[in-house]
Amino acid sequence: MKSVMSNKWVISLYVLPSLLLILLLIYIPIVLTGYYGLMDWNGIGKMKFIGLENYIELAKDTKFWQSAWHSLLLGLFSTLSLVGYLILSLILASKIKGANFLRKIYLIPMLLSSVAIGQLWAKIFDPTNGMLNRILVLIGVDNPPLWLADSNIVLYALFFPIVWQYAGFYIIIFYAALKNVPEELIEAAKIDGATSIQIAYKIKVPLIAGVIKVMVILAIVGSLKYFDLIFVLTGGGPNGASEVMASYMYTEAFSKYNFGYGSAIGFGLLVICIVATWVIQKLLNTKDVDY
Amino acid sequence: MSRVALETQKTTLSASYKTSKTLGNKIGYGILYFILGVIAIIQVYPLIWLFLFSLKTNQEVFGMSPFALPQDPQWGNYAKAWTAGHIDVYFFNSVLYTVAAVVITVILASFVTFAITRMEWKLSGLVLGLFMAGYMIPLHSTLIPLFNFFKTANMIDNPMSVILSYVAFNLPITIMILTGFYKTIPREIEEAAVVDGCSIHRIFFQITLPMTVPVLSTTVIINMIYNWNEFVFVNTFLSSDKWKTITVGVNNFVGQYLTDWGAIGATLMISIIPVLIAYFILSDRIVEGIAAGSVKG
């Protein structure tokens with residue numbers, strides 16, 4: 001029986017096509033990105049080896065670090081908003097009637113493409129005819145903000161559609177994790193006279209700490225590679241005020257044809273994502289408590 | 001204490017807990033429901049607003065309240081979007097790429113998951129790790145090499161480039177969801193089949209695959225939504241109008257008709273209606289798939 005289930009030919013036949021695909025289209029490209037970063041290359045002509053020039057320039061490029069800072073800010077906002085999602089999930093999971101229906105409603109924006117969300121919010125943010133400013137004027141705000149056209153607030157404005165898009169996703173996951181918390185523990189705590197807030201804070205949240213940790217990583221790394229919505233809504237503007245790493249890379253490569261420098265940015269993005277994942281894991285592990 | 005006694009004590013306690021619900025408790029619940037309801041409205045109203053302005057004329061959009069119903073619904077906006085914006089072509093392409101990529105992804109992922117969870121080989125852990133780690137790789141770091149690769153392979157402006165990329169980038173999450181499910185189904189039937197002298201392929205296709213139908217439908221839906229909504233690959237690898245998908249097409253169309261709100265609204269509605277319909281029919285599976293994919297990861 002063992003020999004049938006460890007037939008090398010069958011294993012190769014089942015695994016190799018997929019393995020080849022991810023090696024060819026994911027793993028080799030991330031190595032090549034680092035390599036292309038050593039080149040002066042416009043994407044069409046010949047590559048010219050220039051050593052570390054692109055990477056040195058990248059290290060000194062204030063535009064890159066600014067875009068990295070924007071990505072990081074989005075990551076921090078996203079992490080903070082996890083608190084809100086968690087509280088909502090705790091409410092939903094505490095035997096609220098219609099919880100199932102509500103979380104399905106919350107998820108709807110997550111199903112739409114970032115392009116559709118971007119174009120829809122472009123209209124919502126429209127300074128004169130958009131829904132947001134129309135409502136603000138209706139309730140008596142005289143000079144509603146210009147939102148996406150104001151370089152001081154554009155990054156904060158972008159966060160509205162991001163929260164709108166992802167809220168349902170995180171709530172579904174927290175809710176599912178909370179539903180796995182054994183009912184006996186909660187009953188026992190109730191018998192001991194614990195209030196629902198104490199139960200939430202002292203029993204439920206610590207028990208789903210593992211899931212929360214994964215979601216923090218997902219929120220931060222997801223924000224670091226954020227692209228579609230920003231590309232559609234602002235293209236990184238006005239004046240680079242909402243530029244993030246991925247949009248900077250895309251513009252350098254596919255609009256300005258600096259493929260060498262674009263590759264260096266892409267590699268920087270990869271390194272920052274890996275470092276961020278590692279740092280978050282370290283930070284969260286030290287506070288790990290066993291239950 | 002006997003089990004029965006414990007049970008009765010529990011019921012009496014929860015009964016007294018129920019009766020102790022005070023007025024304050026009710027008000028508290030009222031506030032909670034109010035908050036939950038407001039959030040539900042925030043999540044849905046932008047789409048209702050979109051639907052309303054897709055049926056309005058520009059004068060109505062610019063001159064009247066955002067809550068007003070369209071006076072004379074302009075269904076012509078939809079006809080205009082469908083033909084003038086090439087939306088019919090884009091729509092067909094989206095369906096084609098989505099279906100092709102989903103079928104390939106789900107079959108390949110099932111093969112891999114079967115080999116990893118059911119068969120015995122030394123490198124299975126490492127290979128699973130490679131697939132899982134693929135989930136964290138930022139797609140944009142691969143974009144320039146992928147573009148160059150497809151260009152040298154003469155596959156730029158060829159839908160195969162997009163379909164293969166969809167498959168590669170969706171394999172990790174699909175395998176992640178499948179692995180979680182494969183670990184929960186018993187192996188006895190498969191082991192019995194091995195003893196009976198069944199070939200591996202027959203075991204996979206006739207025993208294992210049918211058992212995984214529920215989770216397969218979950219992965220199909222998740223893949224469908226990802227592929228239908230995908231933007232960067234199509235925007236980068238495909239340049240002819242005849243190959244573009246609805247997501248990219250909508251973006252271009254809206255860019256061209258900046259001021260015709262009705263046509264823009266209609267185009268956006270056409271692009272999101274298929275996903276919304278799928279969601280209304282299959283929402284339980286989608287919710288389950290999202291929960292399963294991430295909690296296990």
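This is a predicted model: local features need pLDDT of at least 70, side-chain atom pairs count only at pLDDT 80 or more; totals for chains, interfaces and linings use all residues.

Trainee: Are the rings of A:Phe77 and A:Tyr156 stacked, edge-to-face or tilted?

Mentor: Planes under 30 degrees apart count as stacked, over 60 as edge-to-face and the rest as tilted. The two centres, of A:Phe77 and A:Tyr156, are 5.7 Å apart. Their planes stand at 45°, so the pair is tilted.

Trainee: How many residues apart in sequence are the parts that this pair ties together?

Mentor: A:Phe77 lies in helix α4 of chain A (helices are DSSP runs of H or I, at least four residues). A:Tyr156 belongs to helix α8 (residues 154-179) of chain A. The pair therefore ties together parts separated in sequence by 79 residues.

Trainee: Is A:Ser78 buried or exposed?

Mentor: Buried means under 20% relative accessible area, exposed over 50%, and partly exposed in between (1.4 Å probe, protein chains only). A:Ser78 has a relative accessible area of 10%, so A:Ser78 is buried.

Trainee: Which backbone oxygen lies 2.7 Å from a polar atom of the side chain of A:Ser78?

Mentor: A:Ser78 sits in helix α4 (residues 62-93) of chain A. Leaving aside residues up to four places away in sequence, A:Ser78 touches A:Phe159, A:Ala219 and A:Ser223 (heavy atoms within 4.5 Å). The backbone oxygen in question is that of A:Leu74.

Trainee: How much area do chain B and chain A bury between them?

Mentor: Buried area is the accessible area (1.4 Å probe) lost on putting two parts together, summed over both. The contact takes 92 residues from chain B and 93 residues from chain A. Of the buried area, 77% is on carbon and sulfur atoms. The total is about 8,600 Å².

Trainee: Which residue forms a salt bridge with A:Lys104?

Mentor: The rule asks for a side-chain nitrogen of Lys or Arg within 4 Å of a carboxyl oxygen of Asp or Glu. Across the interface of chain B and chain A there is 1 salt bridge. For A:Lys104, the closest N and O atoms are 2.9 Å apart, and the partner is B:Asp284.

Note on methods
Residues are numbered from 1 along each chain as its sequence is written. Chains are lettered from A and ligands numbered from 1 in the order in which they are written. Side-chain values use heavy atoms; hydrogens and water are left out. Helices (H or I, at least four residues) and strands (E, at least two) are DSSP runs, numbered from the N terminus. A polar contact is a pair of N or O atoms within 3.5 Å; within protein, one must be able to donate a hydrogen and the other to accept it, and residues adjacent in sequence count only if both atoms are side-chain atoms. Rings of Phe, Tyr and Trp (its six-membered ring) pair if their centres lie within 6.5 Å; planes under 30 degrees apart count as stacked, over 60 as edge-to-face and the rest as tilted.
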